[in-house]
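Here's a quick briefing for anyone meeting this structure for the first time. Have a look at it, then read on.

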Amino acid sequence: MVAGRSIYAGKRERAHLLKGLLFISPWIVGFSFFVLYPTIYSFVISFFRYSGIQPPVWLGWQNYIRLFTDPLVGMSVQNTLFYAALAVPIGLIISILLALAMHREVKEVSLYRTALYLPSIIPVFALSFIFIVLINPQYGLVNSLLGRFGVPQMDYLSDPTGAKVVMVVMAQLGAGNAALIFLAGLNGIPKTLYEAARIDGSSHLGCFLRITLPLLSPAILFNLITGVSGGLQVFQQAYIMTAGGPANGTLFYMYYLYRNAFSYAQLGYACALAVMLFLFGLVLALLLYWFSQRFVNYDAS
Amino acid sequence: MKIVARPVVVTEVSLPQRRKKSPIKYSHKHIWTRVFLIATSLLFLIPFYWMINTALKTNPELAITPPTVWPQQWAWDNFVRAITTIPFLNYFLNTVVYTVLAALGAVLSNLMVAYGFACIEWRGRNLIFYLVLITIFIPFPIAIIPLFDLFAWLHWINTLLPLVVPTFLGSAFYIFLLRQFLLQIPKELLDAARIDGASEWRILWLVAAPMAKPAIGAVAILAAVGAWNDFMGPLIYLQDDSLHTLSIGLQAFRSTHDIQFNLLMAASILVVIPIVFLFFACQRFFIEGVSLSSIK
């Protein structure tokens, strides 16, 4: 790693080490307080009953036993998986399609890029307000448009599944960000590859499956990981648009965790929920990593 | 000391229109591509059209069903009403303070840390950098409760400190972005400065920082947008109404006062405009941020 280490005296090396540590010291402090301490603390507190005011009371595995028998946990897991299982794959497909389309040499592509990327940086809370109005039976565009085609008016947010579907649709407005990442990936694929494949008689689809998709796989993995991690933590939309309702139809896992912590003051139980999410996320990340080792192609040459 | 060399941008989203091709080729070849792009662009912009349409309607017009597709009478005073019914300016200022400090903190701390990982050679730095990378994937919820407890113990609840201080203490993803960029600075350049007797601190700010401007811009903007859009942080830490940011301020107001939709949309426009403005002013940095985050 260090070229010509022999010329460095031990003292010199120690000076470098000190300098290095000094420069990364903000991260060391941040890591200790915002990663290391909270992770250990959450694991420990998850074995206690703790309201934040009174001293913690040891419960053993009770929080975890409760977690597996709590019908609202089951409900919130179902809601979250429903949301993530729809929002993430649909988002990937839409953003890949958009990237492929923007990759074509259309003259006014910067216009589309702006229109498609801009919604992805608009705050979710503002989008939530907009969607409340957009799909409102009385004030919204969606119902009045669908009404022209004879679709009966409906308050989508008053239906447990409808409300989740609205949030899945809303999430697609963020596709522009992933699309630009894919576009950068597409621009990195050498044109000569396609030309060679063409000479070998590959079809459009063949080129896409054998060149584009494999070479895009690092970007797909990246967007998949960030998408899944975001999808599992979905919260804001439900908090603003439906307050978890109707009939707990949008009570997502994160929302239930939040309620336990900040509405019911059950910090121990909320920590147990957080630990489970952490472990689930960890296993998922490891699975994706293992998967990527087998299928993701990092060699673009 | 004058530095002219500039590191090569990793993967810039190259603008297709740069490649000069005869205009005839464009004419009919990509019709379906265009149809698809125009259709999706319009679909993506519809929510914003409806936001503007609703925001500019008078109360009587708002009550018309089916809703009118364009305001018959432009009710500009809705903006005034929105600002005065809600302590909007207060929320706005709080959000601006949070945003500016978050961007500043992200740049200062992460640039320093990234320099430590990219430009100083010390034993174990790669090992520790792996640790940084791993933390990118640690789900944030595990930290919520412990941090709330910590900040409560420090008496930081109902101050901006729990939101701002962490931004000054490094963030794995931004460290990663900046390190990628700093690694491209030729080692000879740094060594030359060292031989001239410059301290690492000086080299960071006078040599490395000017060359990493695109990445610094990207990090500043990502952090600023992140703070402007932050909902969970203010929701947890800012219970006092006078400290609310726009995100939770509008939400709290909507749920307690049942605010009219035209005013809610007018307020939303005012929330969105700074982001849109920032985007058009710094489009280059946004694109840079996206291309830097595509891991190679």
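Chain A splits into domain 1 (5–62) and domain 2 (70–295), with bounds that come from an automatic or database domain assignment. Keep in mind that this is a predicted model: local features need pLDDT of at least 70, side-chain atom pairs count only at pLDDT 80 or more, and totals for chains, interfaces and linings use all residues. Residues are numbered from 1 along each chain as its sequence is written, while chains are lettered from A and ligands numbered from 1 in the order in which they are written.

**The two domains of chain A**
- Taken over C-alpha atoms, the centres of domain 1 and domain 2 of chain A are 33 Å apart.
- Where they touch, domain 1 of chain A puts in eleven residues and domain 2 of chain A seven (a contact means that the C-beta atoms of two residues, placed from the backbone, lie within 7 Å).
- On the domain 1 side, α2 (25–45) and β1 (48–49) of chain A are the elements that give two or more residues; helices (H or I, at least four residues) and strands (E, at least two) are DSSP runs, numbered from the N terminus.
- The largest share of that side, three residues, is down to α2(A).
- By class, that side of domain 1 of chain A has six nonpolar, four polar and one charged residues (Ala, Val, Leu, Ile, Met, Phe, Trp, Tyr, Cys and Pro count as nonpolar, Asp, Glu, Lys and Arg as charged, and the others, Gly among them, as polar).

**Where chain A meets chain B**
- Here 83 residues of chain A are in contact with 82 residues of chain B.
- On the chain A side, α2(A) gives the most, with twelve residues.
- That side of chain A divides into 60 nonpolar, 18 polar and five charged residues.

**A helix pair in chain A**
- Helices α5 (residues 109–121) and α9 (residues 175–187) of chain A pack at about 125°, their axes 6 Å apart; axes are lines fitted to C-alpha atoms, for helices over the stretch in contact, and angles run from 0 to 180 degrees between N-to-C directions.
- α5(A) and α9(A) are therefore oblique to each other (under 35 degrees counts as roughly parallel, over 145 as roughly antiparallel, 65 to 115 as roughly perpendicular and the rest as oblique).
- Leu116(A), Tyr117(A), Pro119(A) and Ser120(A) from α5(A) meet Gly176(A), Asn177(A), Ala179(A) and Leu180(A) from α9(A).
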